[in-house]
Amino acid sequence: MKKKVWPILMVLSIVLVLVSLLWRSTAKLAEENIGLNVVFIDVGKADSILVQTADFNMLVDTGTSEDAQAIRRILNQNNVEKLDYLVLTHLDKDHIGSTPYILENYEVKHIIQPEYEKDSEEHTAYLEALTKAGIEPVYLKQEGDIELGDGNRIHFYPPKKDSYEQSNDYSLVTSITYGDHSFLLTGDAEKERMEEIVEQISGAYTVVKIPHHGDYKKMLEEVLEKTSPEYCIVSTSEDNLEEKLTECLDNLAIPSYYTFNGTVIMRTDGKELTIIQ
């Protein structure tokens, strides 16, 4: 019986080594082919979106102050230890709420936001966190790019006016182009800002994130006609979903994903697009 133990152990050892090598090779291959990863995080009636390539991490908005752990889980699952950019589309509490947590727990190189102020507890907490972290935001007034290499890029469309009646209309719009696919992130744009977006953007998009958590505005139809999306994302809670919005998307025959059904992951190598929910 003892004579049979060593051959068995040797075989098991060889199997374990082969499995280990295979796992490492697969992990390395996955890392090399990460392409673009866009994760629309389930944070209820709020926004938080991770944009990631093999050597680049950007977070667009941070939900409410109660969403910190949900965002942390997604960042950890995607091996995010630092953020090259934190983009705050505007200063509402459901877009900047977890920013103090992010600044305290992750290295953030740059912050981009529109230039205005808001009288709220969340904005005050954000300003205090900026001071503590020693970061000076970039207040974007002109269109600008982040190059991702190989012709891929992120383009920002800032609000065109210095002042708006509604905070939502200060929304900074993000356009991402990666190979054959493109994504338009619209913040909480209301009617006035949507009118600007139609003027600012050009061409069709693979994915459009519906502005303001699916709050239906007639102007939205013009945005969708201009962008001709293959898919739409609605970041909202189920009880906030408007029937007019679902009717609009159905009438335009646009397949849509709602984050209250779970976080939506979109991955592309520039050619194929994979959607996971």
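Start by selecting Ala189, Glu190, Met194, Ile210, Pro211, His212, Asp215, Lys217 and Leu220: these residues line the largest cavity. A cavity here is a set of points, on a 1 Å grid over the protein atoms alone, where a 1.4 Å probe fits but cannot get out, and a lining residue has an atom within 4 Å of a point.

Before going on, note that this is a predicted model, where local features need pLDDT of at least 70, side-chain atom pairs count only at pLDDT 80 or more, and totals for chains, interfaces and linings use all residues. Residues are numbered from 1 along each chain as its sequence is written, and side-chain values use heavy atoms, with hydrogens and water left out.

Back to your selection. Color the lining by class and you get five nonpolar, one polar and three charged residues; Ala, Val, Leu, Ile, Met, Phe, Trp, Tyr, Cys and Pro count as nonpolar, Asp, Glu, Lys and Arg as charged, and the others, Gly among them, as polar. The volume is about 40 Å³, meaning the space filled by probe spheres set on the points. Searching the whole structure for cavities of 30 Å³ or more turns up one.

Next, pick helix α6, residues 191-200. Its buried residues (under 20% relative accessible area, 1.4 Å probe, protein chains only) are Arg193, Met194, Glu196, Ile197, Val198 and Gln200. Now show β8 (152-157), β9 (173-178) and α7 (218-227), which are among the elements covering them.

Finally, zoom out. Of the 277 residues in the protein, 50% are buried.

Note on methods. On a 1 Å grid over the protein atoms alone, a cavity is a set of points where a 1.4 Å probe fits but cannot get out, and a pocket is an open set with protein on both sides within 12 Å along at least five of seven lines; lining residues have an atom within 4 Å of a point. Helices (H or I, at least four residues) and strands (E, at least two) are DSSP runs, numbered from the N terminus. Contact means heavy atoms within 4.5 Å.
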